[in-house]
There are 2 protein chains.
Amino acid sequence: MLTIGKLGSSTGVKIPTIRYYEQIGLLPEAERSPGNQRLYTHKAHERLVFIRHARDLGFSLEAIRDLLSLSDNPDQPCAAADAIAKAQLAEVESRLARLAALKTELERMVVQCAGDRISDCRVIEVLSDHSLCITDHAIEDANS
Amino acid sequence: MLTIGKLGSSTGVKIPTIRYYEQIGLLPEAERSPGNQRLYTHKAHERLVFIRHARDLGFSLEAIRDLLSLSDNPDQPCAAADAIAKAQLAEVESRLARLAALKTELERMVVQCAGDRISDCRVIEVLSDHSLCITDHAIEDANS
DNA sequence: CTAAGTGCTCTAGCTACTATAGGTTCAAGG
DNA sequence: CCTTGAACCTATAGTAGCTAGAGCACTTAG
């Protein structure tokens, strides 16, 4: 049985994050020691590794919740898991495309900045006028 | 003078977002009509276009705040603006690299999923075991 | 036995918005 | 002139996915 600190250091997940996952029901409520401290089994460790890995691959907590419940029922067909992974792949691909366009624009901005006063700074100028851009970045959410 | 609705539709920024930008001081407080409705000048329109464009390019509101104050002082040297843009470019490049690795992993997961039961689903299996991955995705923040 | 370290709960904060409730003002039609 | 419906107002709370802090209790090494 691991304490929360050991579990955290062995998975690379911060302690408050582990408690948060328990709070939102992603991890089951941990057993407690006589002194009320959380104790984790090997199973809990595995589950947290699964969550961490899926987060690293960019899955949302909602998607992970679904994937976990699928992995808890190994006799179910796996089409659902496949669909979740495919959706995530599509999301990643669209972010990639968008970021590539952003990169192009930013490079152009940075390279062209030759003036030494703000008044003829290319960065500021481009930001003021999208028509100076060559790609159609913009559109959806900028956090992609 | 534009109402907030016109300003929103002409810039593609939602009305609550405009009010939010005013609230956090990114836009100056708008003049008001006798009936207390916000009225915007051409200058405010330009400023909002600038903000929107920078957001589309992935700049944080903090970075935009700095860029705006630079663009308000056109006699300053432009090294600072350049630095902000370069930092953003570096950020975008690192996200790109990370997303490319994620894409590789997700593609592998999806393609290899041949079984039709969860019990031999590659997606679930890979998520349980990072050593089945070929790239070193993981590391930093997963939202990249 | 004591002090450092680790754990506990609870609350509030972060980014960048978005949504809702409940009320006011404006513009157009009758 | 009056009404109706769209557009506006404020204020508060919610979203994701944590993170940080306060103020305690417990545990372990010396």
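This is a predicted model: local features need pLDDT of at least 70, side-chain atom pairs count only at pLDDT 80 or more; totals for chains, interfaces and linings use all residues.
Helix 2 of chain B accounts for the largest share of the surface near DNA strand C, with three residues. Divided by class, the residues of this surface are six nonpolar, 10 polar and five charged.

DNA strand D is surrounded by 22 residues, of which A:G35, A:L61, B:T3, B:G5 and B:R38 are the closest. At least two residues of the surface near DNA strand D come from each of four helices, namely helix 2 (15-23) and helix 4 (61-72) of chain A and helix 1 (4-11) and helix 2 (15-23) of chain B. The class composition of the surface near DNA strand D is six nonpolar, 10 polar and six charged residues.

The two protein chains also touch one another. In the contact between them, 51 residues of chain A meet 51 residues of chain B. On the side of chain A that touches chain B, helix 3 (42-56), helix 4, helix 5 (79-112) and helix 6 (122-128) of chain A each contribute at least two residues. The largest share of that side, 19 residues, is supplied by helix 5 of chain A. The side of chain A that touches chain B comprises 27 nonpolar, 11 polar and 13 charged residues.

Six helices and two strands make up the secondary structure elements of chain A, and their order along the sequence is α-α-β-β-α-α-α-α. For the 144 residues of chain A the globule rule gives 15 Å, whereas the radius of gyration is 23 Å, well over that value, so chain A is more spread out than a compact globule. Along the principal axes, the C-alpha atoms of chain A fill a box of roughly 70 × 40 × 20 Å. Of the 144 residues in chain A, 35% are buried. When contacts in chain A between residues at least 6 apart in sequence are considered, 47% of them join residues at least 24 apart.

Methods:
Residues are numbered from 1 along each chain as its sequence is written. Chains are lettered from A and ligands numbered from 1 in the order in which they are written. A residue is near a molecule or strand if its C-beta atom, placed from the backbone, lies within 6 Å of it. Ala, Val, Leu, Ile, Met, Phe, Trp, Tyr, Cys and Pro count as nonpolar, Asp, Glu, Lys and Arg as charged, and the others, Gly among them, as polar. Two residues are in contact if their C-beta atoms, placed from the backbone, lie within 7 Å. The radius of gyration is taken over C-alpha atoms; the globule rule is 2.2 Å times the number of residues to the power 0.38. A residue is buried if 20 or more other C-beta atoms lie within 10 Å of its own, exposed if 12 or fewer, and partly exposed in between; C-beta atoms are placed from the backbone.
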